[in-house]
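Please look over the protein shown below. A short report on selected features follows.

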Amino acid sequence: MEFSLTEEQEQIRGAAAGFLKGRFQRCAAREGSAVQPGDARTEWKAMVQQGWTGLAVPERHGGAGGGLLETCLLIEELGAHQLVTPLLSTAVCAGPAIGRFGTPEQCERWLPAIAEGQVFAYARAAAGGGWGREGSQVRSAEVEDGFVLRGTAWFVPHAAVAEEFLVVTQTGAADELTVLMVAADAEGIECSPLDVVGNEPQYRLRFADVRVPRSRVLGEPGAGTGIVEFIDDRGAAATCVEMAGGARRVLEMSVEYATIREQFGRPIGAFQAVQHLCADMAVDVLGSRLIAYEAVCALDAGSGDPLTVASAKAWVSEAYQRVCARGHQVHGAIGYTAEHDLHFYLRHAVAGSLSFGDADFHGERVSCALGL
């Protein structure tokens with residue numbers, strides 16, 4: 001695949017990199033870990049002012065009219081700097097889904113709000129805590145004026161700062177999914193923080209007889225499987241790009257360390273064993289970027305074979321963890337200390353590999369499609 005950016009896309013990526021480098025001298029997750037979610041949104045406001053949340057929103061709704069690729073250029077830089085934000089759940093999962101499947105009234109209500117910084121959290125709640133395309137641990141029952149929600153959604157990123165939840169519910173049989181936009185302050189919702197391995201805050205959402213008006217149904221009731229696939233494929237592809245950004249930064253840190261750390265009177269980068277480690281990391285980084293952006297471009301073009309996304313997620317999930325492991329070998333014991341930034345990237349690699357389906361889940365999708 002030939003992949004090159006246009007001049008405008010290069011400007012977007014360069015501006016994002018410069019913006020983040022100017023605000024964070026070290027790993028942003030280190031600074032963010034010491035503040036409350038409300039404080040962290042200071043960075044969100046700055047991103048909104050830069051126009052990031054409206055980049056993929058159509059111009060008629062107050063956005064810039066870009067696509068998934070433009071948003072992912074920002075997400076790659078967020079991964080490289082480890083700045084934890086709800087950009088992916090808002091601008092990749094919620095916004096495009098509303099634009100594609102929403103009614104004109106829904107688009108008019110929520111797309112300008114997203115461009116202006118309204119935060120969405122995505123609650124998939126698939127059966128068994130996985131990312132299967134059927135079933136939900138949140139059930140919805142149809143009533144006269146809308147739906148009533150009951151159940152629990154685990155591992156919902158940024159739920160505490162979200163103003164809206166995009167919730168996948170099961171209406172009847174496992175293949176009868178209904179996607180609802182639920183106000184975060186609706187009566188009957190309980191939000192609890194979870195202790196997770198990654199840098200991104202995750203929450204448990206309990207829905208106890210939460211009433212949702214019919215006007216908040218995205219698409220047709222009971223026919224939401226296509227919407228879920230649309231959202232999950234984009235979320236998986238964007239997560240691959242975010243992981244590729246993190247892997248790129250781990251390689252940069254390792255090469256930099258190998259040139260300044262001396263052993264036996266020479267930089268450790270002069271030793272063949274360290275050179276081989278860095279070369280293997282570079283192969284994984286370049287491969288991750290290529291396969292991730294191939295999936296993004298395919299989705300943007302509307303010709304996205306789901307296997308393109310599945311192949312990318314399966315490969316990048318393992319490649320990023322290999323890069324982190326080799327980065328720790330180059331850094332030696334110092335990389336494992338709390339004072340060093342490297343462990344934030346390892347946490348990100350583990351969490352990212354699980355988000356939107358791990359390597360085993362997507363590998364099985366590829367195997368099934370090939371008839372194996």
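Helices here are DSSP runs of H or I with at least four residues, numbered from the N terminus.

## Model and confidence

The model is predicted: local features need pLDDT of at least 70, side-chain atom pairs count only at pLDDT 80 or more, and totals for chains, interfaces and linings use all residues. Residues are numbered from 1 along each chain as its sequence is written, and side-chain values use heavy atoms, without hydrogens and water.

Mean pLDDT (the predictor's confidence in each residue, from 0 to 100) is 92, and 96% of residues reach 70 or more. Residues 33-37 fall below 50, and this stretch has three contacts (heavy atoms within 4.5 Å) beyond near neighbours in sequence.

## Leu74

Leu74 lies in helix 4, residues 68-81. Its relative accessible area is 1%, so Leu74 is buried (under 20%, with a 1.4 Å probe and protein chains only). Not counting residues up to four places away in sequence, Leu74 touches Ile12, Ala16, Trp52, Leu55 and Leu87.

## Nonpolar cores

A nonpolar core is a set of buried Ala, Val, Leu, Ile, Met, Phe, Trp, Tyr and Cys residues joined through side-chain atoms within 4.5 Å. The largest has 103 residues, and Leu149 and Val182 have the most contacts inside it. Helix 7 (residues 225-260) gives this core its largest share, 14 residues.

Definitions and conventions:
Helices (H or I, at least four residues) and strands (E, at least two) are DSSP runs, numbered from the N terminus. Buried means under 20% relative accessible area, exposed over 50%, partly exposed in between (1.4 Å probe, protein chains only).
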